[in-house]
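Here are my notes on the model you sent over.

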Amino acid sequence: MELAEIIAFLAARHPFDLLPREALEALVRKIEIRYVRKGTVIMSPGDVVTMLSVVRSGAVETHDGEGNLLARLGEGEVFGVRALFRGGRAVHRSAAIEDCLLYQIPAPAFERLRRDHAAFAFHFAPLEGGRLKEAQPLDGERSFPLLSMRIADLLRRPPVTVAPETPVREASQRMRDEGVSSLLVSEGGKLVGILTDRDLRNRVLAAGLDPQTAVAAVMTRDPHRIDADRPAFDASMAMSRHNIHHLPVVQGDTLIGCVTTTNLVNAQTVSTVHLAGEMFSRRSVEGLRDVVRQIPGLVFHLVQAGATARGIGLATSTLADAAARRLLQLGEEKLGPPPVPYVWLAAGSQARQEQSAVSDQDNALLLDEAYDEARHGDYFRELAQMVCSGLDTCGYVFCPGEAMAMTTRWRQPLGVWQGYFRRWIEEPDPKALMLSSIFFDLRPVHGSEALFETLRATILERARRSRIFQAYMAKNALTHHPPLGFFRNLVLIRGGEHHHALDLKHNGVVPIVDLARVHALTLGSPAVNTDERLHVARDAGLISADGAADLIEALEYIGHLRILHQARQVRAGKPADNFMQPKDLSGFERAHLKDAFAVVKTMQAALANTYQADKF
Amino acid sequence: MWLHELGAEVRRRLFRPPRLQAAYRNSPYDEVEFLAVDVETTGLDPTSDAILSVGYVPVSGGAVRLADAGYHLVRPPRAIPEDTAVLHGLLEENLRTAPPLAEVLPTVIEAFRGRVGIAHHATLEIAFLTAACRTISGNDFRVPFVCTLALEKRALARRGKAVGAGDLRLASARSRYGLPRYRAHDALNDALGAAELFLAQAAQASGRKPATLGQLMA
């Protein structure tokens with residue numbers, strides 16, 4: 001039997017490329033082929049769906065019940081999965097937008113494939129969420145084998161060892177004294193076992209064993225070990241693969257140490273703290289710049305160590321805070337103490353603690369009511385000028401929209417700021433809002449927090465009460481949307497330097513950030529970080545628990561891809577940006593990205609509904 | 001082999017082709033059982049040229065069913081001219097070990113039971129299968145056929161399109177419906193190609209109601 005054409009077609013497409021040849025050959029014998037003319041509705045919500053469909057040629061669009069476009073599918077892409085997961089009832093509406101040839105796989109055959117082939121099943125595993133979250137470490141592993149660091153580099157101290165006959169009480173006292181969570185058990189310099197905190201709890205205390213019991217009786221014998229010369233990433237892979245938290249390190253036969261789960265990421269966290277500390281030791285802008293220049297390298301290492309996008313955003317924002325704070329200190333040293341209290345505010349992504357490797361500066365200066373332009377104007381103008389241009393020198397380039405403290409308009413006393421916000425909230429105008437929405441994400445970095453607290457209280461109270469403002473914000477939140485046609489190259493940036501590139505920031509991150517902001521402001525919540533805002537919205541019942549979890553995962557996945565992309569650029573000595581070429585995405589990444597986009601689109605539709613955003 | 005052990009009457013019954021009833025012509029096409037078929041041969045003359053392979057795939061309920069697809073290599077009675085062998089990519093060695101037509105034919109004819117044939121340029125398939133049936137069983141091959149080439153010719157004529165050389169080839173006709181390119185001259189691929197083309201043509205010929213078999217055969 002030769003159906004080589006169809007086998008070859010499937011074998012070249014994800015996730016069918018995960019199936020062994022025999023499985024594909026058997027699968028092909030189950031396929032039914034249908035031709036669907038342009039305009040034909042293939043399934044409507046509620047329809048009975050018995051097949052998974054693969055687009056062989058043509059194009060299909062999927063809309064949700066409200067008519068919002070969720071996905072545009074082309075050659076090799078699959079639909080009907082959700083329906084099959086929901087008892088064979090269509091959830092969305094799928095229609096042919098071009099004449100289509102569909103390969104259809106009957107549900108039982110699809111089910112059998114998922115049962116027999118874990119990798120294939122993983123691809124489809126809960127489309128509702130799970131997959132995005134799980135995709136990250138896998139993806140990191142594939143794209144970023146950690147080559148630069150050796151396991152030996154991670155070791156902080158010689159191994160803490162005991163002999164097998166040591167009583168467990170003595171062993172645990174040793175652990176306490178040494179401040180370690182595991183002991184390596186050695187005999188003649190050779191590793192024979194490991195004893196962990198958990199073993200002491202589970203195998204000794206819970207089992208009611210005598211404290212005199214020998215370590216040998218409760219240790220894990222002949223534990224996994226790893227060679228000191230292997231790449232550090234191998235250690236983290238080995239630990240997650242075997243689900244262990246401690247990994248003895250050997251050099252040849254000699255035991256030289258132990259790596260713990262948190263070691264890898266912690267090693268990098270330490271360097272975050274270290275870099276921040278370095279900043280405060282520098283006395284010049286140039287000195288500070290040399291430290292800031294190490295941030296991309298830090299991000300690269302964080303990526304390799306498997307840190308989350310959120311964790312990396314937190315680290316880079318913390319360092320941006322430190323840079324601003326140091327510049328303010330240096331400014332005050334030069335100009336003398338401030339004549340009236342002030343607070344330096346981070347705005348935008350830095351305020352949300354979601355800064356990426358490439359960031360311009362967004363900030364503002366909030367001055368005390370006692371501020372008098374004539375007497376104090378020069379001081380703060382000069383301070384803001386020093387800090388903003390210092391940040392620019394360091395690599396936090398001037399904000400193209402001039403949302404910076406050196407702009408007179410954004411360096412004002414409390415009353416003026418309150419007036420700005422009153423106008424934005426009570427007489428919203430979409431264009432002004434788009435420009436000013438950056439100031440709805442504020443965080444105090446240096447100075448009087450009480451001053452900021454007063455401003456924030458008025459902002460949140462007004463925002464919470466103004467329905468019209470909320471509707472405008474909602475509408476604003478719908479201006480950026482995920483590029484659903486991305487995979488057919490339809491909604492890419494046209495022309496210019498980034499021709500046919502996907503803008504991970506505006507098409508991926510921004511829509512989620514905007515969504516979260518609307519919800520948080522509606523609730524009058526002080527949360528600024530997007531994850532926190534989504535949690536707040538969930539707890540208040542504004543969005544479903546699933547919706548919040550999906551969005552957080554989507555944000556993490558898109559953020560993760562963005563960081564990987566930027567880390568690759570940094571590694572290649574290129575400036576980091578947000579534009580990804582479709583050809584640089586693996587089939588795996590495309591599939592996950594598409595899921596993430598579908599989540600965002602669904603939640604945007606829900607938002608539009610809630611706030612009747614289209615009425616304004 | 002076993003075929004030669006059967007009596008003449010049994011052989012006749014075995015090879016008696018299904019017949020098309022008049023009422024059948026009014027059936028919507030998606031209620032009719034079809035079998036798309038392609039034969040690869042050493043040449044175009046059914047009296048002197050030999051069948052080298054047969055591929056077929058059923059179409060029913062408006063869908064191609066790969067589950068019951070079939071593909072048979074046939075050992076030719078004589079050596080094949082070199083140029084043909086190249087065209088089909090069938091190596092003489094593979095054919096030498098294949099069963100003879102007499103062994104393959106009953107399976108093929110059985111596949112046609114209760115079904116209407118589909119082929120691109122059906123005259124050729126009908127001629128070769130008829131010749132085969134006559135030679136082996138002494139029966140006619142009386143299977144009603146839909147010819148996708150004839151359908152395409154009519155569709156183009158109806159739209160006032162001039163039909164140029166090559167426009168009616170399977171690959172050209174398929175491309176007009178946005179159907180993918182398949183490697184030509186493999187009996188199963190071509191049968192599949194014709195089956196898909198038929199579905200596309202039938203979809204186009206259908207209004208709110210599906211086209212009837214009669215409309216597609218006329």
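1. Chain A has 25 helices and 21 strands, taking DSSP runs numbered from the N terminus (H or I of at least four residues for helices, E of at least two for strands). Of its 616 residues, 55% count as buried, where buried means under 20% relative accessible area, exposed over 50% and partly exposed in between (1.4 Å probe, protein chains only). Among the contacts in chain A with a separation of 6 or more, 71% are between residues 24 or more positions apart; a contact is heavy atoms within 4.5 Å.

2. Housekeeping before you read on: this is a predicted model, so local features need pLDDT of at least 70 and side-chain atom pairs count only at pLDDT 80 or more, while totals for chains, interfaces and linings use all residues. Residues are numbered from 1 along each chain as its sequence is written, chains are lettered from A and ligands numbered from 1 in the order in which they are written, and side-chain values use heavy atoms, with hydrogens and water left out.

3. Now the interface. On the chain A side 19 residues are in contact with 26 residues of chain B. The two chains bury about 1,900 Å² between them, with 56% of that on carbon and sulfur atoms; buried area here is the accessible area (1.4 Å probe) that two parts lose on being put together, summed over both. Glu5(A), Ile33(A) and Tyr35(A) supply 33% of what chain A buries against chain B, more than any other three residues.

4. What about polar pairs across that interface? The rule finds 10 residue pairs in polar contact, both residues at pLDDT 80 or more. A polar contact is a pair of N or O atoms within 3.5 Å; within protein, one must be able to donate a hydrogen and the other to accept it, and residues adjacent in sequence count only if both atoms are side-chain atoms.

5. Which elements of chain A touch chain B? Helix H1 (4-11) and strands E1 (32-36), E3 (51-57) and E8 (100-106) of chain A each supply at least two residues, and E1(A) gives the most, with four. By type, that side of chain A divides into 10 nonpolar, one polar and eight charged residues (nonpolar: Ala, Val, Leu, Ile, Met, Phe, Trp, Tyr, Cys and Pro; charged: Asp, Glu, Lys and Arg; polar: the others, Gly among them).

6. E1(A) also joins strand E3 (residues 63-65) of chain B through two bridges, running antiparallel; strands pair if DSSP finds at least two bridges between them. Glu32(A) stands opposite Arg65(B) in E3(B), and their side chains meet in a salt bridge at 2.7 Å, N to O. The count between chain A and chain B is one salt bridge, defined as a side-chain nitrogen of Lys or Arg within 4 Å of a carboxyl oxygen of Asp or Glu.

7. Last one: Thr166(A), in the loop between strand E9 (161-162) and helix H8 (168-178) of chain A. Buried or exposed? Thr166(A) is buried, with a relative accessible area of 11%. Its side chain reaches the backbone oxygen of Ala163(A) at 2.6 Å. Leaving aside neighbours within four places in sequence, Thr166(A) is in contact with Ala171(A), Thr213(A), Ala214(A) and Val215(A).
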